[in-house]
Amino acid sequence: MAKHVKVTLLLWAAAAASWAVFILLNPAGLEPVMAVLSFALTIAAVCSLAVSISRKVRSSVSPYLVFAVTDILIGVCVAAYAVYDIQTSTGWFAGLVGVLLLIFVVPITAVFLLADIIVWLVKRPKQ
């Protein structure tokens, strides 16, 4: 089994476990921490899945580039939906989901993109 596939399976298992703890156990006082951890592991798992699939299709593609593009797509889609939700919602909790997505998910994608750039700069081949 390839290294990327193992990492993907591990990330999906960790994401599922964190969501299970977050939803079923709901530790008191740790809701924001568990939300950030669950979202971060899920985003990392999706990006890792994209890297694994792209490496199976074409082995010469850069995993850093695939991770970054997937992360950017997730961030843009989530931000667009958050703005849409804030603009169109009515009622008691109007736009709450959009605000929560902007608070929790968009910064996570930005941190992942920054980490991807740093790792790529450190590990890129020297010319």
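Among contacts in the protein chain between residues at least 6 apart in sequence, what percentage join residues at least 24 apart? Please then take a close look at the largest nonpolar core.

Guide: The model is predicted, so local features need pLDDT of at least 70 and side-chain atom pairs count only at pLDDT 80 or more, while totals for chains, interfaces and linings use all residues. Residues are numbered from 1 along each chain as its sequence is written, and side-chain values use heavy atoms, leaving out hydrogens and water.

The percentage you ask for is 57%, where a contact means heavy atoms within 4.5 Å. The protein chain has four helices and zero strands; helices (H or I, at least four residues) and strands (E, at least two) are DSSP runs, numbered from the N terminus. Of the 127 residues of the chain, 30% are buried, meaning under 20% relative accessible area, whereas exposed means over 50% and partly exposed lies in between (1.4 Å probe, protein chains only).

A nonpolar core is a set of buried Ala, Val, Leu, Ile, Met, Phe, Trp, Tyr and Cys residues joined through side-chain atoms within 4.5 Å. The largest such core has 20 residues, and Ile43, Val105 and Phe112 have the most contacts inside it. Helices α1, α2, α3 and α4 (96-123) each supply at least two of its residues, and α2 gives the most, with seven. In soluble globular proteins, nonpolar side chains tend to be buried together.

Setting aside its neighbours within four places in sequence, phenylalanine 112 is in contact with Ala40, Ile43, Ala44, Phe67 and Asp71.

Helix α1 (residues 3-25) also has buried residues, namely Thr8, Leu11, Ala15, Ser18 and Phe22. These buried residues pack against α2 (31-57). After α1 comes asparagine 26, whose phi is positive, near 45 degrees.

Beyond its neighbours within four places in sequence, aspartate 85 is in contact with Gly95, Leu96, Val97 and Gly98.
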